[in-house]
Amino acid sequence: MAFDGTWKADRNENYDKFLEKLGVNVMKRKLAEHDNLKITIEQSGDKFHIKESSTFRTKEFDFTLGVKFDYSLADGTEVSGTWEMEGETMKGLFNRKDNNKLLTTTRSIVGGELVQVSAFLRAQD
C-alpha cells in the first residue's frame, strides 16, 4: 500500500501559527518545534495501524476509513473524527471535543515523501 512505511517529519511550515489558532499555549508550541516526529503506517485494505514516535511520546492506534474514532493530540487535546480516501489522498476531519473547532488533515505521497497538511476551520455549530 502507498502509505506503508516509516516517515520522519523534515519540516513544519507554519506549524506554530496553526497550533496557536488551535489554542495551544506558547510553551507547548515551543516544545513542538523540537518534536522529531516519526509516523509508522501499516495499511491493510481500509484498516490502518499508526505508530507516532517523538521526543515526548509514543502512541499507537488503529482506525478504519470512514469510521469515527477518538484520538488525543500530542498536547492532550481530545478530538473525534474520521479518515477518508479521495483518490491517492487521505483526508481527515476532526472535531475538538473541548471547543468544537474543526481540524482537517490531508496525507499524500509526493516524490517518495509523506506530505501532511493540517488546517484549522471554524467552530462547528
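In what order do the four strands of the open sheet come? The order is β1-β2-β3-β4, and the pairing is antiparallel. Pairing here takes at least two bridges found by DSSP between two strands, and strands are DSSP runs of E with at least two residues, numbered from the N terminus. The edges belong to β1 (5–8) and β4 (58–64); each has a single partner strand, so one side of each is left without a neighbour in the sheet. On average, neighbouring strands of this sheet are turned by 20° against each other, direction ignored, going by axes that are lines fitted to C-alpha atoms.

A word on the source: this is a predicted model, where local features need pLDDT of at least 70 and side-chain atom pairs count only at pLDDT 80 or more, while totals for chains, interfaces and linings use all residues. Numbering starts from 1 along each chain as its sequence is written, and side-chain values use heavy atoms, with hydrogens and water left out.

Back in the sheet, β3 (residues 47–53) pairs with β4 in the antiparallel sense over seven bridges. Glu52 sits in β3, and its bridge partner in β4 is Lys59. With a relative accessible area of 9%, Glu52 is buried (buried is under 20%, exposed is over 50%, partly exposed is in between, with a 1.4 Å probe and protein chains only). The Glu52 side chain makes a polar contact with that of Tyr71 at 2.4 Å; such a contact is a pair of N or O atoms within 3.5 Å, one able to donate a hydrogen and the other to accept it, and residues adjacent in sequence count only if both atoms are side-chain atoms. Leaving aside neighbours within four places in sequence, the residues in contact with Glu52 include Leu37, Ile39, Phe61 and Arg107, where contact means heavy atoms within 4.5 Å.

Then there are the charged pairs. The structure holds four salt bridges, each a side-chain nitrogen of Lys or Arg within 4 Å of a carboxyl oxygen of Asp or Glu. One of them joins Lys97 and Asp70 (3.2 Å, N to O). Lys97 lies in the loop between β7 (89–96) and β8 (101–110) and Asp70 in β5 (residues 69–72), so this pair ties together parts 27 residues apart in sequence. Lys97 itself is partly exposed, at 46%.

Arg96 bridges to Asp98, with the closest N and O atoms 2.6 Å apart. Here Arg96 is buried at 6%, whereas Asp98 is exposed at 54%. Glu86 and Lys91 also meet in a salt bridge (3.3 Å, N to O); Glu86 is partly exposed at 49%, and Lys91 is partly exposed at 33%.

Technical notes: Axes are lines fitted to C-alpha atoms, for helices over the stretch in contact, and angles run from 0 to 180 degrees between N-to-C directions.
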